[in-house]
There are 2 protein chains.
Amino acid sequence: MNKNQSTAQESPILGKQSVNLKKPVYIIDSASIVGKKEGEGPLGELFDLVGEDDMFGSQSWEEAESTLQKEALGTALRKAGWKQEDVRFLFAGDLLGQEIATSFGLMDFELPLFGLYGACSTCGLSITLASLVISGGFAEKAACVTSSHFASAEKEFRFPLGYGNQRPLSATWTVTGSGAFVLAADKGGKARAKITGLTPGKIVDYGLKDSMNMGACMAPAAASTIEQHLKDFGRKPDYYDKIITGDLGTVGQTVLIDLLTKKGIDISGQHMDCGIEIFDAKEQDTHAGGSGCGCSAVTLSAYVLKMLEEGVWKHVLFAPTGALLSKTSFNEGQNVPGIAHAVVLESPE
Amino acid sequence: MNKNQSTAQESPILGKQSVNLKKPVYIIDSASIVGKKEGEGPLGELFDLVGEDDMFGSQSWEEAESTLQKEALGTALRKAGWKQEDVRFLFAGDLLGQEIATSFGLMDFELPLFGLYGACSTCGLSITLASLVISGGFAEKAACVTSSHFASAEKEFRFPLGYGNQRPLSATWTVTGSGAFVLAADKGGKARAKITGLTPGKIVDYGLKDSMNMGACMAPAAASTIEQHLKDFGRKPDYYDKIITGDLGTVGQTVLIDLLTKKGIDISGQHMDCGIEIFDAKEQDTHAGGSGCGCSAVTLSAYVLKMLEEGVWKHVLFAPTGALLSKTSFNEGQNVPGIAHAVVLESPE
């Protein structure tokens, strides 16, 4: 542990795949916009805006998702008191083919855009890259945006909604929502959290093929990233008040805890999954929990950052997970590998 | 101009949207793997590997594209004399929905992966982000990979190949190919080029809707990025031996040169488009030229870097362009906006 710590003082490059941000980055403010169902869930009162229906005044589901991104970023900028031109770079992505929710949602901001794809891990991916670019001195301010929409995701990945297919209990419910985060090198007057470390993830494939059980498909990736993170930083799980995954749901949570237990790592006391928090699975018929890029993003903005801001939690490991599949790869019989990108969030003090 | 230059000495943040890399990054080596048709084109002899057919021993076009990425990165690593574990981070993406060519192609390298989506600008996007992360001191070595495949792209964006649709003369031909680049902070024994500046692009939408004329759709984005780049760096077009776009083709080239001429910028003496170089349009029936993420990537690796390495060209502005559309956005009547990310490449000395 001492060896790692002394290395960390010399270089931000830490262990096998981590970065120790010697110059931390601040999440100055953020916003969460969700659909009706998410608004009726346990976190409902914490979101910045809850839509009256899931169209948000648009003509198509894809356009609705773009509107979510536009509103989320606009709201985050307003809350931070920033002008659009204060943002140097945008880091954003979504679940749809060729990321059309992002392209059409963020176009009007007229800002340089780094388009990202990390499936449901995109919130972690975007914050990771924005943090590196800011901490490296290449931008003073940047913004991260991601989204998902239940109806556009069902159309993209599964069945037409009108077909009314049965969903197994291991299936998750894609969150309709967008989260936006504005990050800066300087804390300025206020911040919601401080980013001090990063462990970008690798693709992990356990050979699972069930797109109706994505929690199990993604859990091995979460386990890999969390294990490597703790090793690289020389930390034990209890260093963190919470170790948070994105959308493993109840099935994936069990798999994650089991996999880590076999490695001698017990995170059962710290683990929280955004997909489990966002819905009341029994009351809302969402089966294993919520999913989608929007799930971890809106939960981070509305709930996790609130707990850090208020100092209830001091250290959080935020590790959203993504399932790397498409309609085509699924139909061609490919596996569903996963990826998870972990970000260390601290109370801003 | 003096003002810009003096700012540049203090901070890498330059002008409205550029980065002046005070600590340059080196392209140590690279590889290009292409299909049969590309091998028969004017650059044919320069590629590292030309496939005998376009399946590359795979069972599907998507799997073939994954194989291209795997082979390209493997070859680049071998040429550089690097082991796979020398690479700290991968930056990669492709054109397919949910980027399955990348996920399934690069999985076996077991390296942390930043998944990117920039349509056909991905080569520029990946080199931009890798350069920022390396120059910022967060990695010693990284790799960038991107690909496209004629058949997987036609399936993803247009018509089934068996349908044999007529292609208008403004249409481009998606390149079957993958380019991989291994980048490092230290030049070491050799390098193919030095990266000294970056101008990440914004989405530009001129209201065009024709997916069979993507050159015209993307030209405004190229014009925006090139204009801003010259302004931010206080340079004139003749600073560069070549100003290179990715896949505008003959139609897009005309539009680009016209748009910049109206702004008082004449790049007609320097402009080169990878899509025009890679095929002999008349002989090979490729109409306006080549396109796809692979087009700019393999041309950069096989031809542009060769000219820089040999010192024939000293300064190049490499600005690949992407058209931001999907089957869904096209069918819903959306425009086809573009994006272009520019990278300054210099002879390694």
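Student: Is strand β2 of chain B mostly covered or mostly open?

Tutor: This is a predicted model, and in it β2(B), residues 18-34, is mostly covered. A residue is buried if 20 or more other C-beta atoms lie within 10 Å of its own, and 15 of the 17 residues in β2(B) are buried.

Student: What should I expect of side chains along a strand?

Tutor: In a regular strand they alternate between the two faces of the sheet.

Student: In which sense does β2(B) pair with β8(B), and over how many bridges?

Tutor: The sense is antiparallel, with eight bridges to β8(B), residues 177-184; there, B:Ser178 stands opposite B:Ile33. β9(B), residues 193-199, also runs antiparallel to β2(B), joined by five bridges, and B:Ala193 is the bridge partner of B:Ile27.

Student: And is the pairing with β3(B) parallel or antiparallel?

Tutor: Parallel: two bridges link β2(B) to β3(B), residues 49-50. B:Val34 has B:Val50 as its bridge partner.

Student: Stepping back, how are the two chains related?

Tutor: Chain B superposes on chain A by a rotation of 180° with 0.0 Å of shift along its axis, at an RMSD of 0.0 Å. The two copies are therefore related as by a two-fold rotation axis.

Student: Why do we say the copies meet through the same surface?

Tutor: Because 100% of the interface residues of chain B are also interface residues in chain A.

Conventions:
Residues are numbered from 1 along each chain as its sequence is written. Chains are lettered from A and ligands numbered from 1 in the order in which they are written. This is a predicted model: local features need pLDDT of at least 70, side-chain atom pairs count only at pLDDT 80 or more; totals for chains, interfaces and linings use all residues. Copies are superposed by least squares on the C-alpha atoms of residues with pLDDT of at least 70 in both. Two residues are in contact if their C-beta atoms, placed from the backbone, lie within 7 Å. A residue is buried if 20 or more other C-beta atoms lie within 10 Å of its own, exposed if 12 or fewer, and partly exposed in between; C-beta atoms are placed from the backbone. Helices (H or I, at least four residues) and strands (E, at least two) are DSSP runs, numbered from the N terminus. Two strands pair if DSSP finds at least two bridges between them.
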